[in-house]
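Visitor: I would like to learn how to read a model such as this one. Please take me through it feature by feature.

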Amino acid sequence: MSEIILRDVSKTYDNGYQAIHQIDLTVREGEFMVVVGPSGCGKSTLLRMVAGLETVSDGEISIGGEVVNDFTPGERDLAMVFQNYALYPHMTVEKNIAYSLRLRKLSGQEIQRRVTEAAEILSLTDYLKQRPGRLSGGQRQRVAMGRAIVREPKAFLMDEPLSNLDAKLRVQMRSEILQIQRRVGVATLYVTHDQVEAMTMGDRVTVLRAGVLQQVDTAQTLYDRPHNVFVASFVGSPSMNLLYATLNGDGTRLQVGSQSLAVSAETFVRRPTLRAYVGREVIVGIRPEDLTLEGAGETLVGRIGHIEALGSELIVHFGLDARNYVVEDKGGSAEEVEELLEETALTQHVRNVARVAPRSSVTTGDAVPFHVSMERAHFFDLSTGESIW
Amino acid sequence: MAVTSTVAPLRRRRSRRSVPWGAYSLLAVFTILFLFPVYYLIIGSFETPSEALNGIQAAAPTHLTLANYHSLSQEFFSSTITGSLRGFYTVSTLVSLIVVAGGLVVNSLAGYALARMKFRGHRTLLLLVIVLVIIPFQAIAVPLYYMLSGMRNTVVVQALPFIGSAFSIYLFYTFFLNLPPQLEEAARIDGAGPWRTFLQIILPNAKPAFASVAILSFIQIWSSYLWPLMMTSQPNVYPLSIAIGNLVKQQSTPNYGEMFAFGVLLVVPMAAFFLVFQRWFIRSVASLAVKG
Amino acid sequence: MATLTTQLPQRRRRRVWTESRVGLTMLIPGIGLIVIFMLIPFFYSIWLSLHVEIVGSNIPIRSVGLLFYRHLFSDPIFRGVFLKSLENNGIFALVVVPIQTGLAMFLAILVNRQGAFVKFCRTTFFLPVVFPMVLTSLIWKAILAPGPAGMLNAVLRIITFGHFSPQYWLGNVHLALPSIILLSVWQGTGFQMVIFLAGLQGIPPSHYEAALIDGANRWQLFRDVTLPGLRNTTIFVVMVTTIFSLQLFDQVYLLTQGGPLNATSSVMYLAVSQAYVANNVGQGAAISVVLCFIILLLSLIQRQVLRERVD
């Protein structure tokens with residue numbers, strides 16, 4: 001039993017590109033840790049460094065208390081599940097699962113026992129003599145899992161293992177993977193770009209952006225108390241509405257475009273640092289479910305764009321006469337952000353989203369007042385993007 | 001497999017119409033033109049010298065005789081001044097075996113290392129291989145002849161320059177480059193070292209590449225003429241191609257019947273091999289197009 | 001902890017060393033062989049072309065500079081032979097390349113369908129590829145035999161109802177090279193046909209479907225879908241055929257020995273006969289080097305053409 005500890009880990013490629021910036025991360029014993037981020041954020045690189053498939057430029061990776069920087073992947077005693085499964089096409093399911101055990105010179109009996117057990121857990125018993133080419137996507141996924149669990153490794157590494165499956169199977173495999181991980185109880189590092197997968201599966205979730213660690217927390221904490229505007233917008237679907245706003249001189253009102261919202265004294269109690277922003281421009285973040293059509297309190301009037309009826313709720317897109325803040329995936333240059341903002345200035349009329357009760361009477365083109373739950377609004381520093389608490 | 005299927009929409013169009021007689025008759029004409037020399041070779045090998053070269057009558061399957069094969073079979077076991085047929089066969093087989101088997105080993109390893117291993121001078125080596133693919137053997141045959149003249153009249157020297165092949169290395173290189181690296185990564189995580197990975201994981205999944213290279217190098221070495229011509233002057237080390245070449249070249253009044261029988265014997269191993277593994281032959285040639 | 005950190009650098013060195021050692025071990029046999037048997041001979045041929053060596057004598061080897069290269073273009077006797085050989089190669093390439101490429105593409109389109117008969121045709125067209133040039137030469141020597149007994153003469157006589165007078169195909173200054181071309185095309189077309197066939201299979205069916213929906217007829221399908229789809233294949237085939245045709249040797253040596261009156265002499269034949277038969281090593285080497293550079297130049301052009309396509 002062991003934990004994975006990354007200390008100050010960096011990766012710089014030969015061409016000078018730095019993919020990973022000084023990451024500190026601990027995956028505890030038995031913990032299911034999900035690393036999530038937009039494509040190209042370096043999450044796969046991070047996983048491959050732990051696996052030993054990429055060298056570590058700087059820092060230390062230890063597994064089970066042993067620094068493994070110079071261990072071969074084989075010596076690290078990890079199991080890995082690849083996005084395309086990487087099953088050996090020329091071996092039967094049985095041989096695929098048993099391969100690592102044969103390399104470690106386990107007795108035939110022991111191999112037989114472990115393979116049988118894994119096959120039972122994964123309901124693969126009937127397929128043991130088949131080649132992977134004849135299996136369905138879900139079955140291949142299970143074989144890959146079987147290959148991982150028979151080893152009884154120190155840790156599991158999974159690189160987007162569900163992204164080649166269709167939506168329904170994906171939901172099913174999510175819970176299967178979780179069950180198996182609980183059963184085996186080893187530290188697991190799971191990489192995905194899908195934030196729903198991250199939120200539903202991870203004991204804790206690591207958010208990565210452009211090789212820089214943003215926040216490590218439970219899914220609920222990430223949602224409720226994001227460290228910065230990137231995490232706030234990345235976590236949650238549809239994502240948080242982000243608007244430029246100004247706290248007025250006495251801190252009682254928040255000016256959003258031509259409209260304004262009352263700010264209660266309680267808000268400053270909950271977020272003491274916000275005091276320092278009185279009279280300044282900030283970014284205000286409002287989750288789509290914190291905008292309602294019925295209810296009391298402050299409202300923002302928006303013009304309704306298109307409406308998505310999901311049955312259980314309505315996703316209403318609407319425009320405000322306030323500027324939206326746009327979060328870029330990568331830490332792009334200031335000019336790029338500026339350009340993007342100018343573009344969006346022209347199309348900003350439908351950039352906001354509200355989740356409202358089904359069968360609400362809303363019509364495209366209407367100007368409608370949305371009630372804002374101000375006590376659940378988020379505030380971010382305009383220059384750093386950090387949350388204001 | 002890909003070669004045998006047809007472009008779908010054309011086929012669908014066709015099947016709704018009648019049989020494409022135009023295309024079929026064109027095909028028939030070209031097939032006769034292409035097949036005729038082969039037919040002539042086989043028929044002629046069963047004819048007496050005077051019949052084998054007798055205008056259009058030579059093509060008629062009359063008065064067939066096994067005499068040519070009979071005399072060749074006697075020659076097969078009796079060593080004469082001109083060497084024994086069995087000897088020619090042995091040399092050709094040995095040389096082909098050395099080149100094909102040795103070539104598969106050294107070229108696949110080099111192609112693999114170029115495709116997967118990281119080391120200094122990688123780009124330079126790759127460039128070297130590509131340039132050497134372009135240089136034809138004939139262009140370096142003369143200096144090579146001077147370098148290896150001490151080994152003349154041996155079997156080994158006939159094979160030696162062809163074992164390492166820039167072309168085969170390049171074919172293997174492109175094949176391995178297109179193989180998903182995850183297979184090897186999975187093997188490394190399972191604890192396999194580079195050699196074991198190559199033998200147990202890569203090799204079983206590279207059969208098409210091995211078959212292509214084996215077939216192409218077999219065609220080439222079995223047919224090679226210039227090099228054994230330069231390197232052999234004694235009949236006991238002649239390969240088949242030289243033995244026949246001497247007949248083609250020297251005889252002023254050739255005995256075509258016997259030469260044809262000899263020729264049939266030269267091509268039979270290759271043709272049989274081709275007809276059995278036709279799909280692989282065609283695929284291996286088709287794989288060259290990827291190179292562009 | 002202290003022991004760990006002292007061990008670390010050692011471990012790392014071992015690891016890197018092992019990795020590169022495995023790579024080197026895999027590379028050395030193959031690369032070593034092509035360096036010894038291709039690269040070194042190539043440089044050796046350049047050296048040979050700049051020196052005079054009288055084989056079997058004690059006269060010391062002497063550097064002669066570019067003498068052998070000047071010979072090629074200025075020696076009154078030799079120049080003629082060399083330029084004639086170069087011209088023959090040029091004619092051979094100019095005739096063989098379009099005929100063989102066109103025929104191969106035509107046949108590939110014809111056999112790009114299913115059925116037992118078509119499969120038989122495909123096999124037939126490819127069969128000569130496995131025929132060694134020695135055997136091809138043997139068969140065609142009989143077909144092209146002089147006098148009424150020769151097969152080609154006899155067939156042409158029948159087709160023309162007796163109006164055709166027998167020709168000495170390989171002995172006639174005007175007919176020898178075309179004869180060599182004829183048998184070369186017979187032997188080589190199947191090879192190119194299969195490459196074209198692979199190219200045809202590589203054209204996505206949806207391209208044909210889109211064109212059909214746009215109302216294209218069969219000729220338009222060929223012109224607007226098939227031909228553009230085969231562009232790269234065609235460039236490849238043309239270049240390979242060109243390079244092959246510059247290497248023309250076996251059939252010339254076997255059937256005509258360059259004759260009659262150098263009508264079929266090729267650059268490669270000249271190089272070999274100079275070095276091997278006439279014992280004029282330097283001259284043979286110089287011809288080889290010139291040929292190598294011509295081929296390298298053509299390959300560079302090919303790369304350039306292909307790259308333009310990508311851009």
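Visitor: Where is Phe244(C) placed?

Guide: Helices (H or I, at least four residues) and strands (E, at least two) are DSSP runs, numbered from the N terminus. Phe244(C) sits in helix H10 (residues 231-246) of chain C. This is a predicted model: local features need pLDDT of at least 70, side-chain atom pairs count only at pLDDT 80 or more, and totals for chains, interfaces and linings use all residues. Residues are numbered from 1 along each chain as its sequence is written, while chains are lettered from A and ligands numbered from 1 in the order in which they are written.

Visitor: Why does Phe244(C) count as partly exposed?

Guide: Count C-beta atoms, placed from the backbone: a residue is buried if 20 or more others lie within 10 Å of its own, exposed if 12 or fewer, and partly exposed in between. Phe244(C) has 18 other C-beta atoms within 10 Å, so it is partly exposed.

Visitor: How many C-beta neighbours does Thr93(B) have inside 10 Å?

Guide: Thr93(B) has 14, and therefore counts as partly exposed. Its place is in helix H5 (residues 85-116) of chain B. Thr93(B) and Leu66(B) are 27 residues apart along the chain, and their C-alpha atoms are separated by 25 Å.

Visitor: Where does H15(B) bend?

Guide: Start with length. The expected span of a helix is 1.5 Å times one less than its number of residues. Helix H15 (residues 256-276) of chain B has 21 residues and reaches 29 Å from first C-alpha to last, close to the 30 Å expected. For a bend, take the angle between axes fitted to the seven residues ending at a residue and the seven starting there. H15(B) bends by about 40° at Val267(B), and Pro269(B) follows within four residues.

Visitor: How many residues does each side bring to the contact of chains B and C?

Guide: Two residues are in contact if their C-beta atoms, placed from the backbone, lie within 7 Å. Chain C gives 90 residues and chain B gives 85. On the side of chain C that touches chain B, the largest share, 18 residues, comes from helix H1 (residues 2-49) of chain C.

Visitor: What is the make-up of chain A?

Guide: Chain A has 10 helices and 20 strands. Its C-alpha trace spans about 75 × 45 × 35 Å along its principal axes. Of its 389 residues, 39% are buried.

Visitor: In what order do the strands of the six-stranded sheet in chain A run?

Guide: Strands of a sheet pair through backbone hydrogen bonds, either parallel or antiparallel. Two strands pair if DSSP finds at least two bridges between them. Here the open sheet has the order E6-E7-E8-E3-E9-E10 (chain A), with mixed pairing. Strand E6 (78-81) and strand E10 (212-217) of chain A are the edges, each pairing on one side only.

Visitor: Which residue of E8(A) is the bridge partner of Phe32(A)?

Guide: Thr188(A) is the partner. Strand E3 (residues 32-36) and strand E8 (residues 187-192) of chain A pair in the parallel sense over five bridges.

Visitor: Which strand joins E19(A) through five bridges?

Guide: Strand E16 (residues 299-309) of chain A does, running antiparallel to E19(A). In E19(A), Val368(A) is the bridge partner of Gly302(A). Strand E15 (residues 291-292) of chain A also pairs with strand E19 (residues 367-372) of chain A, antiparallel over two bridges. There, Thr292(A) stands opposite His371(A).
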